[in-house]
Amino acid sequence: MDAGGGEQLRLAAVRDQLIREEDSIVFALIERAKRPRNTPAYSAAAAAAGSLAEFFVREAEVLHAKAGHYQKPEDVPFFSQDLPPPVFPTKGRPKVLHPFASLVCVNDAIWKMYFNELLPLFTADGDDGNYAETVALDFACLQALSRRIHCGKYVAEVKFKDAPQDYSPPIRAKDTNALMNLLTFTAVEEKVKKRVEKKARIFGQNVTLEDSVGKQDGDACDSHCKVDPKVLSKLYDMWVMPLTKDVEVEYLLRRLD
Ligand SMILES: O=C(O)C(=O)C[C@]1(C(=O)O)C=C[C@@H](O)C=C1
């Protein structure tokens, strides 16, 4: 995360980064929604290497790793085993997180959530045969979701630094419920849900020269949006924020090691 580049991390800066990540997630879902479900891309029966989706993500991550990706704590590969080192020099970054941060990973849960729960909510039934394009779009969605959720490591670090006296006792007691309560801000979560819904409504409009873009708001235009805005608030409510909080708890539990 760029807010980690030298200056001290602040909660407002980390939250700004989370807000920016929302744009990437909304746009990635809008792009994926161009294609129907295309279930053959997810069938493991077709090849020994598993599904096309899995094959694509594995191979894409190898290329990304060679190009220098996955050096930052929020950039976590889905298939981390045997990834090659960067081919080109990468710039060192100040380490603002506890070294354990690199081991915090909820990508298995993101993978299952994305393919089993989310895809059916925002893609139309159907098969147009564009499987390669489809899995490339899935990869973009998975990466955007994973990056946002793993930014929870920074949120946790800032919260700990701001109030070590509050966080240290439940960390020592390994009290995950108490940690979860401490780091939860219901009012912030409500705002996040409303904002992502609004972004989906605005970013997902059809822009023409004839209509009055931006004037339509609310449920009236939702059926014309490229992704149902309600899917975005549900995604955040049921999965993105809970998984971010899991990352925060997992990070905090080792913060004093
Ligand atoms: O902003 C925070 O304080 C966070 O921990 C992030 C986040 C989120 O995922 O958006 C998660 C938990 C809080 O209840 C509010 C928001």
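**Note on the predicted model: helix packing, core and ligand shell**

1. Eight of the eleven residues of α5 are buried, so this helix is largely enclosed by the rest of the structure. Buried means that 20 or more other C-beta atoms, placed from the backbone, lie within 10 Å of the residue's own; exposed means 12 or fewer, and partly exposed is in between. Helices (H or I, at least four residues) are DSSP runs, numbered from the N terminus. The buried set in α5 is Gly152, Lys153, Tyr154, Val155, Ala156, Glu157, Lys159 and Phe160. These residues pack against α1, α4, α6, α7 (176-183) and α9, where contact requires C-beta atoms, placed from the backbone, within 7 Å.

2. The model is predicted: local features need pLDDT of at least 70 and side-chain atom pairs count only at pLDDT 80 or more, while totals for chains, interfaces and linings use all residues. Residues are numbered from 1 along each chain as its sequence is written.

3. The largest nonpolar core has 55 residues, of which Leu29, Tyr114, Leu145 and Leu252 touch the most other members. Such a core is a set of buried Ala, Val, Leu, Ile, Met, Phe, Trp, Tyr and Cys residues joined through C-beta atoms within 7 Å. The largest share of this core, ten residues, comes from α9. Tyrosine 114 touches Leu119, Cys141, Leu142 and Leu145, not counting residues up to four places away in sequence.

4. Helix α4 (residues 131-150) packs on α9 at an angle of about 50°, with the axes 8 Å apart. Leu145, Arg148, Ile149 and His150 of α4 meet Val240, Leu243, Thr244 and Val247 of α9.

5. The ligand is surrounded by 13 residues, the closest being Thr184, Phe185, Val188, Met241 and Thr244; the criterion is a C-beta atom, placed from the backbone, within 6 Å. Helix α9 gives the most to this shell, with four residues. By class the shell has seven nonpolar, two polar and four charged residues. Ala, Val, Leu, Ile, Met, Phe, Trp, Tyr, Cys and Pro count as nonpolar, Asp, Glu, Lys and Arg as charged, and the others, Gly among them, as polar.

6. Two loop residues deserve a check of phi. Asparagine 38, in the loop between α1 and α2, has a positive phi near 55° and counts as buried, with 23 C-beta neighbours inside 10 Å. Aspartate 82, in the loop between α2 and α3, has a positive phi of about 60°.

Key:
Axes fitted to C-alpha atoms, helices over the stretch in contact; angles between N-to-C directions. Contact = placed C-beta atoms within 7 Å.
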